[in-house]
Amino acid sequence: MRTAMAFRRRSQVPASTATLILHRPDEISWIRVALQLTLGMILLGNLVAPLAATAQNLGTAPAFGKAVQGQQATTVEGTVLNVVNWGCNVIAPVIAVACLGIAGWHFKSGRGYMGWGVSGVALMVISGLGRMAEGFITQAQGIQ
């Protein structure tokens, strides 16, 4: 009696009848191209902006308990400016970059990404508007 070699033996599981067919669209989706370009520019801007930005330089010493220049942390104005400064210069941009990263990840994996992308862009807008408002407040109070 002759037996077949193990690597030539047929599988006991029936073969799958479903095949994956990829269809290429007949025309280019310009909205998708524009969204990809916009998202790419936002991500590139988030990578390049820290190199070009000028921020408060505190040196090597941490600035715990320090107020915004010209204000005391014990006054309402100093506390509000500290909260705006922290929220607009630290919290919102970090969360925005995380949202945009998740949007890119979802876009790459074919899931819904617009919610994350819009949230990231909105946080960057809020950050910019908050910094602009902080500048107006300090100018109105005569703080340099």
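Select S127 to start: this residue is buried, because its relative accessibility is 0%. Buried means under 20% relative accessible area, exposed means over 50%, and partly exposed is in between, using a 1.4 Å probe and protein chains only. The model is predicted: local features need pLDDT of at least 70, side-chain atom pairs count only at pLDDT 80 or more, and totals for chains, interfaces and linings use all residues. Residues are numbered from 1 along each chain as its sequence is written, and side-chain values use heavy atoms, with hydrogens and water left out.

Now colour the helix around S127. The residue lies in helix α3, residues 114–140. Helices are DSSP runs of H or I with at least four residues, strands are runs of E with at least two, and both are numbered from the N terminus. The protein has 3 helices and 0 strands, in the order α-α-α along the sequence.

Which residues does S127 touch, leaving aside its neighbours within four places in sequence? They are C88, A92 and P93. Contact means heavy atoms within 4.5 Å. Show the side chain of S127 and the backbone of C88: a polar atom of that side chain lies 2.5 Å from the backbone oxygen of C88.

Stay on C88, which counts as buried because its relative accessibility is 11%. Then select C99, also buried, with a relative accessible area of 8%. A search of the whole structure finds 0 disulfides, a disulfide being a pair of cysteine sulfur atoms within 2.5 Å.

Next, select H106 in helix α2, residues 76–109. H106 is buried, because its relative accessible area is 13%. Apart from neighbours within four places in sequence, H106 is in contact with R111, G112, Y113 and W116.

Two of these contacts lead on to rings. The structure holds 1 aromatic pair. F107 and Y113 form this pair, edge-to-face, at 4.8 Å centre to centre and 85° between the planes. Rings of Phe, Tyr and Trp (its six-membered ring) pair if their centres lie within 6.5 Å; planes under 30 degrees apart count as stacked, over 60 as edge-to-face and the rest as tilted. Y113 is buried, with a relative accessible area of 19%.

Then show R111 with W105: R111 lies over the face of W105, 5.0 Å from the ring centre. This requires NZ of Lys or CZ of Arg within 6 Å of the ring centre and within 35 degrees of the ring normal.

Finally, select everything. Of the 144 residues of the protein, 15% count as buried.

Notes:
A polar contact is a pair of N or O atoms within 3.5 Å; within protein, one must be able to donate a hydrogen and the other to accept it, and residues adjacent in sequence count only if both atoms are side-chain atoms.
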